[in-house]
Amino acid sequence: MKELSCHCEEVKAEINVDNLQKVLRCNCSICKRKGAIMSMVRNEDFKIIKGKEQLKLYQFKTNVAKHYFCSNCGIYTHHHPRINPSMTAFNVGCIDEIDTFKLENVGMADGYNHPLDKK
């Protein structure tokens with residue numbers, strides 16, 4: 001179990017994960033701007049334990065993905081990706097015990113060429 005928090009600690013979540021099997025960056029229009037390293041769990045393995053009312057939702061383009069950030073400090077905490085809304089992607093940088101600058105094998109998600117955008 002890991003605990004995630006935004007910068008001001010008004011938003012906290014519990015993540016039912018012991019070790020991060022896969023961490024990645026994404027090059028889509030929003031992810032390249034926020035620069036976060038993410039990992040994913042099933043929705044039932046991610047629970048907001050404090051500050052749900054502080055979270056703001058941001059959606060764009062198809063309005064399927066749901067991106068959440070703290071309305072107080074502005075930190076992106078998590079999102080539900082449109083490729084699989086049953087999963088929660090979370091900002092690994094919001095877990096105090098993990099130094100994202102020391103992570104090895106950070107993968108890349110090609111959100112710029114998202115498979116759901118292909119006709």
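Biologist: Which residues have the most contacts inside the largest nonpolar core?

Modeller: Leu 4, Ile 15, Val 41, Phe 46, Phe 90, Val 92 and Ile 95, in a core of 13 residues. A nonpolar core is a set of buried Ala, Val, Leu, Ile, Met, Phe, Trp, Tyr and Cys residues joined through side-chain atoms within 4.5 Å. Buried means under 20% relative accessible area, exposed over 50%, partly exposed in between (1.4 Å probe, protein chains only). This is a predicted model: local features need pLDDT of at least 70, side-chain atom pairs count only at pLDDT 80 or more, and totals for chains, interfaces and linings use all residues. Residues are numbered from 1 along each chain as its sequence is written, and side-chain values use heavy atoms, without hydrogens and water.

Biologist: New topic. What is the phi of Glu 9?

Modeller: Positive, about 65°, although Glu 9 is not a glycine. Most residues other than glycine have a negative phi.

Biologist: And is Glu 9 buried or partly exposed?

Modeller: Glu 9 counts as partly exposed because its relative accessibility is 35%.

Biologist: What about the phi of Asn 105?

Modeller: Asn 105 also has a positive phi, about 60°, and is not a glycine. Asn 105 counts as exposed, since its relative accessibility is 73%.

Biologist: Last one. How far apart are Asn 19 and Leu 57 in space?

Modeller: They are 27 Å apart, C-alpha to C-alpha, and 38 residues apart in sequence. Asn 19 is partly exposed, at 46% relative accessible area.
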